[in-house]
Amino acid sequence: MKIKGSTNIVGLIGHPVEHSFSPPMHNAAFKLLDMNYAYVAFDVNPNNLNEAIAGAQALNVKGFNVTIPHKVEVMQYLDELDEVAELIGAVNTIDFKNLKGYNTDGIGAVKAIEEVTSIKNKNVVVAGAGGASRAISFYIAKYGAESLTILNRNEAKAQNLAGDISDSALIDEVKSGSISAIDGYVRNADILIDTTPVGMHPHSNDDPIVDAGVMDEDLVVFDAVYNPNETALLKEAIKANAKPVYGIKMLLYQGAESFKIWTGVDAPVDVMENALKDTLNIE
Ligand code: ATR
């Protein structure tokens, strides 16, 4: 891919950004499709966020991904918000065509799960009630789940999130509870989503939130943790002959959705997945 006078720039803003997997993933896609785009990462100090958005617009940048710590703050500088991004209250993708913000993190998780099973009419349990849970849970509701149960260590946080989702009217049945009671909920679930950092490097030997004995063969188990690739929870799912969905797939599909928003072109997910695996050192 040659950088030319006409090359379109897309990129990432965050603080820090140097370990991002997004540049290799998107640039591999542009190269494969011979598209005249380049993806770069910009480390933007929180004090300069307004100027970064205005500057990018002035420089005719086509799109941004947005990561920590800018996902919430950036919303005030945009002209439009996707409906679900507004409900979530966080943005990870900007399209400069109309200065519109989207949240493809939640879509990424949904697409990852939908490689294995449709969300529609399923009973879904989500562990955790932080930022990742919020993005994913709204999209689980939007994609037609029958019921959504949010479980958290701090039960009040789960209750608040469940209340927000209930208010959105995207789904009829939203419950919340304590993560300590997760086994009973999982026995009645079709899909389990773990958004907690339990099992994340360097704590990969932590006890998983659910053991194989609680899982049946039809259960789909998604772990948002991607380092290690196969977490203790996914190992339990494999042991139970249940259906594991790896965290890397969420990274892949959030990127694929952003790519489509900026370029209008369907993302070449295979080459993007290989680039991700190379970056993350996954076999
Ligand atoms: P993220 O943006 O990744 O969602 P976050 O907003 O800090 O990160 O949320 C982390 C979530 O994981 C929270 O729901 C947190 O539970 P609390 O609200 O009770 O703190 C949950 N979490 C973190 N460590 C956990 C642990 N060891 N066991 C269970 N839940 C945990």
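Me: Where is Pro-202 in this structure?
Reply: Pro-202 is found in the loop that runs between strand E10 (191-194) and strand E11 (220-223). Helices (H or I, at least four residues) and strands (E, at least two) are DSSP runs, numbered from the N terminus. The model is predicted, so local features require pLDDT of at least 70 and side-chain atom pairs pLDDT 80 or more, while totals for chains, interfaces and linings use all residues. Residues are numbered from 1 along each chain as its sequence is written, and side-chain values use heavy atoms, without hydrogens and water.

Me: And which kind of peptide bond joins His-201 and Pro-202, cis or trans?
Reply: The bond between His-201 and Pro-202 is cis, and its omega is about 5 degrees. Ile-68 and Pro-69 are also linked by a cis bond, with omega near 10 degrees. Pro-69 belongs to the loop between E3 and strand E4 (80-81). In general, most peptide bonds are trans.

Me: What about phi of Asn-241?
Reply: Asn-241 is not a glycine, yet its phi is positive, near 65 degrees. Asn-241 stands in the loop connecting helix H8 (232-239) with strand E12 (243-245).

Me: New topic: how much space lies in the largest pocket?
Reply: The largest pocket holds about 1300 Å³. On a 1 Å grid over the protein atoms alone, a pocket is an open set of points with protein on both sides within 12 Å along at least five of seven lines, a cavity is a set where a 1.4 Å probe fits but cannot get out, and lining residues have an atom within 4 Å of a point. A volume is the space filled by probe spheres on points joined across faces, edges and corners.

Me: Which residues lie nearest its centre?
Reply: Of the 42 residues lining the largest pocket, Phe-21, Thr-67, Ile-68, Lys-71 and Tyr-226 are nearest the centre. Strand E3 (63-66), helix H5 (131-142) and helix H9 (248-263) are the elements that each supply two or more lining residues. H5 contributes the most, with four.

Me: How does that lining split by class?
Reply: The lining of the largest pocket comprises 21 nonpolar, 17 polar and four charged residues. Here Ala, Val, Leu, Ile, Met, Phe, Trp, Tyr, Cys and Pro are nonpolar, Asp, Glu, Lys and Arg are charged, and the others, including Gly, are polar.

Me: How far is an oxygen atom of the ligand from the side chain of Arg-153?
Reply: A ligand oxygen lies 2.9 Å from a side-chain N or O atom of Arg-153. Polar backbone atoms of Ala-132 and of Asn-154 are each 2.9 Å from a ligand oxygen.

Me: How many cavities of 30 Å³ or more are there?
Reply: The search of the whole structure gives one. The largest cavity has a volume of about 40 Å³, and its lining includes Asp-194, Asp-206 and Leu-233. That lining consists of five nonpolar, two polar and four charged residues.

Technical notes:
Polar contact = N/O pair within 3.5 Å; in protein donor to acceptor, adjacent residues only side chain to side chain.
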